[in-house]
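Below are some notes for a colleague who has not looked at this model before. Please read them with the structure open.

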Amino acid sequence: MSAGKYKALWLEGEHLVVIDQTRLPFSYETKRLITPEDAIGAIADMTVRGAGVIGNVGAFGVYLAAIATNGNLKQIEAISTKIRAARPTAVNLAWAVDRMLAVLKNSQNIIADARSEAIKICDEDVEHTEKIGDYGCKLIAQIAEDKAGMPVNILTHCNAGWLALVDRGTALAPIYAAHERGIDLHVWVDETRPRNQGANLTAWELGQQGIKHTIIPDNTGGLLMHSGMVDMCIVGADRVTRAGDVANKIGTYLKALAAKDNQVTFYVALPASTLDMAIADGRDIPIETRSSDEVLYMQGLNRAQELTTIRIAPQGSPALNYGFDITPARLVTGLITERGICPANERAIASMFPDLNTK
Ligand code: MRU
């Protein structure tokens, strides 16, 4: 077992330290989470975000609850209900909290076991993202071969890198693996309004690794695909049903439609912890509605290099802010998982993940 140190979060004694993702790319700051309420707040206000990391912080939130209650299981369960509810769409959060509680129910040493189970969840994520990277890299390598070494152009939406799932991400894991293996590639980064996770976080991650990329407005992908400028799309997921419908950041569905119309392959990368075998139809996935302020205001640096928030719409105009949309399985070329690449349909998913079958 690792010492509980990952790129996006790490343990310092009994505290969890996380990168404050609301400040990137403008400044690199960390936050110390000491109480379970700190963990709930960090998930809800998106100090941390991305399905995997939400689950990791949820798991450590249960550990912090164990410390705060001196191992009182009833109280830990009550706090865990609040952790579970901090964000509704990414199933990794509920999955991680439930896994923690299942271990603690049979524990004689609740605080120590909570700590080691949370670390175990993160260690598994590190292992899974390595494997997702290896499987996805084969797809990129095949395109590179078909293009006789010309750069492979990959479009991605939102941020599904190591800020979202320790320690390599989901959608970005194959990109990192291909770059490390010397494959020439370039990434089209959807800005991902309204919170700009693409422009802020994915571009920052790729820049750190020296990977060629270009930020595009969310509306640009269709034109690029129609013009032959995209070889494949890879996105992450917040929840995938047993039939292969995908909940991911709002705007993903429109990219999948454009990809289908232009015969561009559309892959979704995810670990098994993002599968929700209890749901078949994506329309049953709870979609988070967030504050309209995220649409009406934008954050960035002004010319004096100060972090500023500005309003971009008329006073009095309302805005609607759904955080996620559903991409039907029929638009998904395949699911890149830690067990291999799987068609997005019920039979294939059940046969790759027989141990998760709840039917
Ligand atoms: O609202 P966010 O930033 O938490 O949404 C994140 C995404 O939609 C990612 O694409 C998704 O979590 C996959 S990365 C594990």
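1. The structure holds two aromatic pairs; rings of Phe, Tyr and Trp (its six-membered ring) count as a pair if their centres lie within 6.5 Å. Ring pairs join Tyr28, Trp162 and Trp204 into a cluster.

2. This is a predicted model, in which local features need pLDDT of at least 70 and side-chain atom pairs count only at pLDDT 80 or more, while totals for chains, interfaces and linings use all residues. Residues are numbered from 1 along each chain as its sequence is written, and side-chain values use heavy atoms, with hydrogens and water left out.

3. Helices (H or I, at least four residues) and strands (E, at least two) are DSSP runs, numbered from the N terminus. Trp162 counts as buried at 7% relative accessibility, and Trp204 counts as buried at 17%. Buried here means under 20% relative accessible area, exposed over 50%, and partly exposed in between (1.4 Å probe, protein chains only).

4. Another ring contact involves a charge: Lys249 lies over the face of Phe324, at 4.1 Å from the ring centre. The criterion is that NZ of Lys or CZ of Arg is within 6 Å of the ring centre and within 35 degrees of the ring normal.

5. About 410 Å³ of space lies in the largest pocket. Its lining has 21 residues, and those closest to the centre are Thr22, Pro194, Arg195, Asn200 and Gln299. The elements that give two or more residues to this lining are α7, α10 (293-296) and β12. A pocket is an open set of points on a 1 Å grid over the protein atoms alone, where a 1.4 Å probe fits, with protein on both sides within 12 Å along at least five of seven lines; lining residues have an atom within 4 Å of a point. The volume is the space filled by probe spheres set on the points, which are joined across faces, edges and corners.

6. By class, the lining of the largest pocket has six nonpolar, eight polar and seven charged residues. Ala, Val, Leu, Ile, Met, Phe, Trp, Tyr, Cys and Pro count as nonpolar, Asp, Glu, Lys and Arg as charged, and the others, Gly among them, as polar.

7. Strands β12 (residues 297-301) and β13 (residues 307-311) pair in the antiparallel sense over five bridges; pairing requires at least two bridges found by DSSP. Tyr297 has Arg311 in β13 as its bridge partner. The two strands β12 and β13 form a hairpin with five residues between them, and Gln305 in the turn has a positive phi of about 65°.

8. Which residues are joined by a cis peptide bond with omega of about 5°? They are Leu24 and Pro25, and Pro25 is in the loop between β2 (15-19) and β3 (30-33). A cis peptide bond also joins Val166 and Asp167, with omega about -5°; Asp167 is in the loop between β4 (152-156) and α6 (172-180).

9. Phi of Ala148 is near 50°, and Ala148 lies in the loop between α5 (110-146) and β4. Phi of Thr192 is near 70°, and Thr192 lies in the loop between β5 (185-190) and α7 (197-208). Is each buried or exposed? Ala148 is exposed, with a relative accessible area of 72%, whereas Thr192 is buried, at 0%.

Definitions and conventions. Rings of Phe, Tyr and Trp (its six-membered ring) pair if their centres lie within 6.5 Å; planes under 30 degrees apart count as stacked, over 60 as edge-to-face and the rest as tilted.
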